[in-house]
Amino acid sequence: DSARHAQFGYTVSRFKNSNDSTRWQNPYTAHPQWSAAAGYPSGYGSIAQEPDNLYQQLHGMLRFRLSQSTVASADFSYALFEQDDDFLPYTVNPALTVTTPLPATSLDGEVALSRFRVQVSSRLSPRLMVAVKAAYENRDNDTSREEFVYIGGDSQNQDDHATTPSSRARTNLPQSYRERKLELSGNYRLPNQRRLGLRYQIEKKNRDFSQVEHTHENNLRLSYSDASLRNKHLRLSYTRERRRASDYRGDAPYLASHSPSYVAAVEGDGNPNTVNFEDLPQLRKFHLASRDRDQLFARAAWEPAATINAGINLAYARDEYPESDFGLTESGRTLTAVDVSHMPDENLDLNVFLSRERVQAEQAGRYFQGFAVATQSVNPGRNWRTDTDDTVVTAGFVLNWRDLLPGAELGVNYTYSRATGRINTSTGPALAPGRPLPDLEVQMRNISAQLRYALSERNSVKLDFSHERYATDDFHYDGVGAATISNVIGGGQQSPDYSLNAVSLSFKHRLP
């Protein structure tokens with residue numbers, strides 16, 4: 001029935017990993033704060049690998065034509081994620097003391113994800129089209145909460161939490177969320193192939209075990225397109241997004257994951273440097289903080305000749321965080337892109353493109369140390385500020401030649417990209433100024449070619465070739481050898497720098 005349509009499906013995915021963990025011998029001499037047995041040669045480390053898990057999803061879609069001008073549709077899905085691998089022991093070093101056993105034999109993890117969306121669209125007049133969309137998403141993490149007295153890095157005896165409350169006694173936080181969206185949109189067709197668009201969206205999201213309980217976001221988008229001029233097309237859009245969050249409690253995960261006995265002991269220990277927070281109280285995480293975003297987009301396209309198409313894209317975006325004193329406080333993005341296509345005949349087409357993107361951001365923070373938290377965390381002289389400026393330039397072409405020789409087709413793709421990152425940091429008077437950081441550099445060249453040849457109506461062969469050159473300059477890795485940074489163990493890796501060539505030959509047969 002063309003007026004009604006239904007579709008249902010079931011998906012299942014099972015992952016099994018025969019490697020439960022990776023184990024290695026500690027190559028370092030024991031640190032003074034470690035157990036002597038944790039160093040070389042008796043000390044070992046271990047880390048779990050990806051656990052066995054099961055994923056199942058039931059999904060469906062319904063579509064109805066309510067009238068000649070109105071259509072309604074709905075889709076839903078219910079997914080269940082399960083993971084029940086046995087826990088590894090607290091430590092693989094038998095010489096270390098373990099006083100508190102694991103609270104359970106396995107995670108018994110279970111997450112249910114429900115999604116439901118409904119849409120009604122209607123043509124109210126020959127020129128006006130409107131739509132209403134509503135969506136609901138619920139992530140229900142039903143994993144049990146347990147207290148684990150962890151051992152950091154297989155290096156120390158386990159704290160006796162039963163006798164003295166320990167900061168290493170932590171309870172897992174099975175995070176859930178509920179998200180609701182409502183969107184109203186409309187398109188109005190003006191005379192002479194011009195069009196106006198309007199979209200308004202409301203989004204509300206509630207979270208468990210998070211610094212904010214809920215966020216509320218309003219988005220407004222205006223768009224205009226104009227194809228009234230011969231061989232020319234213009235598109236413009238402006239988007240305004242406003243997100244506001246409930247009271248920010250930076251210590252919420254801290255209080256929820258530490259044991260009540262430890263929190264009470266910290267509050268009553270009389271030490272002003274022992275505080276109930278891990279992040280600076282004024283810090284705001286950017287994905288949870290209140291934010292104002294403005295976005296502009298423009299595209300102009302035209303045909304200077306019957307076989308040539310050209311276009312230019314301009315984009316601008318700016319984010320401001322009005323309630324963030326520390327964290328990401330401001331960011332911006334600009335993009336300029338040009339593309340030209342040439343198709344002299346139906347068997348040959350060439351597309352050339354060039355783009356430049358620039359991303360800038362400002363971050364602020366305050367540096368404090370564990371032995372003097374109470375005094376340093378409130379000292380504005382320990383503030384720091386970092387400005388980042390990243391620029392990415394990309395150029396390339398795509399060539400398709402469908403009649404190179406009788407029965408032969410050739411495709412060639414080439415891309416060159418260069419990215420530069422600059423980091424400038426300033427510090428308050430109570431901090432020693434650091435050395436200027438070198439620029440980050442990344443270059444990538446990739447060329448690939450595909451040659452297809454038809455042996456007959458049903459048989460063909462294809463030869464593929466690809467070459468990629470990738471090189472980076474990254475001060476995080478380059479020149480960081482043994483004993484060059486205190487209290488940091490490096491793996492001795494260097495920035496990626498490689499050249500790759502790949503060739504493949506395939507045969508295709510089409511059955512009758």
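The following legends describe close-up views of a predicted model.

**Figure 1. The largest nonpolar core.** Six residues form this core, namely Y90, L96, F148, V149, I151 and A169. In soluble globular proteins, nonpolar side chains tend to be buried together.

Figure 2. D52 belongs to the loop that links β3 (44-48) to β4 (53-65). This residue counts as buried because its relative accessibility is 13%, under the 20% limit for that class. A polar atom of the D52 side chain lies 2.7 Å from the backbone nitrogen of N17. With neighbours within four places in sequence set aside, the contacts of D52 are F15, K16, N17, Q83, D84 and D85.

**Figure 3. The largest cavity.** The structure holds 1 cavity of 30 Å³ or more, and the volume of the largest cavity is about 30 Å³. Its lining consists of Y248, G250, D279, L280, L283 and K285. Sorted by class, these lining residues comprise 3 nonpolar, 1 polar and 2 charged residues.

**Figure 4. R195 in strand β11.** R195 is located in strand β11, which covers residues 194-207. Its relative accessibility is 37%, so R195 counts as partly exposed. Although R195 and S225 are 30 residues apart along the chain, their C-alpha atoms are separated by 5.2 Å. Apart from neighbours within four places in sequence, R195 is in contact with N187, Y188, R189, L190, S223, Y224 and S225.

Figure 5. The bond from Y40 to P41 is cis, and its omega is near 5°. P41 itself is placed in the loop between β2 (21-25) and β3. Most residues other than glycine have a negative phi, and most peptide bonds are trans.

Figure 6. D108 is not a glycine, yet its phi is positive, at about 55°. This residue sits in the loop between β5 (70-83) and β6 (109-123), and a relative accessibility of 49% means that D108 counts as partly exposed. Q193, likewise a residue other than glycine, has a positive phi near 60°. Q193 lies in the loop between β10 (177-190) and β11. With a relative accessible area of 60%, Q193 is exposed, because that class begins over 50%.

Definitions and conventions. Residues numbered from 1 in each chain as written. Predicted model: local features only at pLDDT ≥ 70, side-chain atom pairs only at ≥ 80, totals over all residues. Heavy atoms only, no water. Core = buried A, V, L, I, M, F, W, Y, C linked by side-chain atoms within 4.5 Å. Buried < 20%, exposed > 50% of the residue type's maximum accessible area, 1.4 Å probe, protein only. Helix = DSSP H or I, 4+ residues; strand = E, 2+ residues; numbered from the N terminus. Polar contact = N/O pair within 3.5 Å; in protein donor to acceptor, adjacent residues only side chain to side chain. Contact = heavy atoms within 4.5 Å. 1 Å grid on protein atoms, 1.4 Å probe; cavity = no way out; pocket = protein on both sides within 12 Å on 5 of 7 lines; lining within 4 Å. Points joined across faces, edges and corners; volume = space filled by probe spheres on them. Nonpolar A, V, L, I, M, F, W, Y, C, P; charged D, E, K, R; others polar.
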